[in-house]
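Open the model in your viewer and show side chains.

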Amino acid sequence: MTRGQTVTFLWRYDGSTAVSGSGFVDVASDAYYATAVAWAVSEGVTNGTSATTFSPDSDCTRAQIVTFLYRYLG
């Protein structure tokens with residue numbers, strides 16, 4: 001599973017709230033995961049892999065998934 005897919009699953013589970021503008025250079029505005037990435041950043045689920053990249057097509061490690069879930073659940 002990729003990082004883009006992982007945040008998309010969480011975003012859909014949360015109700016698919018409309019959020020725009022992730023600010024990452026590697027997240028195209030028309031990508032299926034673009035809104036999910038923006039949501040994940042706005043909710044504090046993730047900050048990306050650097051200040052300007054999210055790496056949406058990279059494999060999501062078990063540690064990253066656990067971190068996303070921990071931050072999502074508070």
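Start with the largest nonpolar core, a set of 16 residues in this predicted model. Select V7, V27, V37, W39, V45, F54 and F68: these touch the most other members. Now colour by element. Two or more core residues come from each of α1 and α2. The top contributor is α2, which gives 5 residues. As background, nonpolar side chains tend to be buried together in soluble globular proteins.

Next, select helix α2, residues 34-42. Which of its residues are buried? They are A34, A36, V37, A38, W39 and A40. Show α1 (3-13) and α3 (62-73) as well; both are among what covers these buried residues.

Stay on α2 and pick V37, one of its buried residues. Beyond its neighbours within four places in sequence, V37 is in contact with V7, S22, F24, V27 and F54. V7, V27 and F54 are also among the core residues that touch the most other members.

Move along to V41, also in helix α2. Is V41 buried, partly exposed or exposed? Its relative accessibility is 30%, so V41 counts as partly exposed; the buried class requires under 20%. Look for its partners: setting aside residues up to four places away in sequence, V41 touches F24 and T46. F24 is also in contact with V37.

Last stop: G44, which follows α2. Check its backbone: phi is positive, near 80°.

Methods: Residues are numbered from 1 along each chain as its sequence is written. This is a predicted model: local features need pLDDT of at least 70, side-chain atom pairs count only at pLDDT 80 or more; totals for chains, interfaces and linings use all residues. Side-chain values use heavy atoms; hydrogens and water are left out. Buried means under 20% relative accessible area, exposed over 50%, partly exposed in between (1.4 Å probe, protein chains only). Helices (H or I, at least four residues) and strands (E, at least two) are DSSP runs, numbered from the N terminus. Contact means heavy atoms within 4.5 Å. A nonpolar core is a set of buried Ala, Val, Leu, Ile, Met, Phe, Trp, Tyr and Cys residues joined through side-chain atoms within 4.5 Å.
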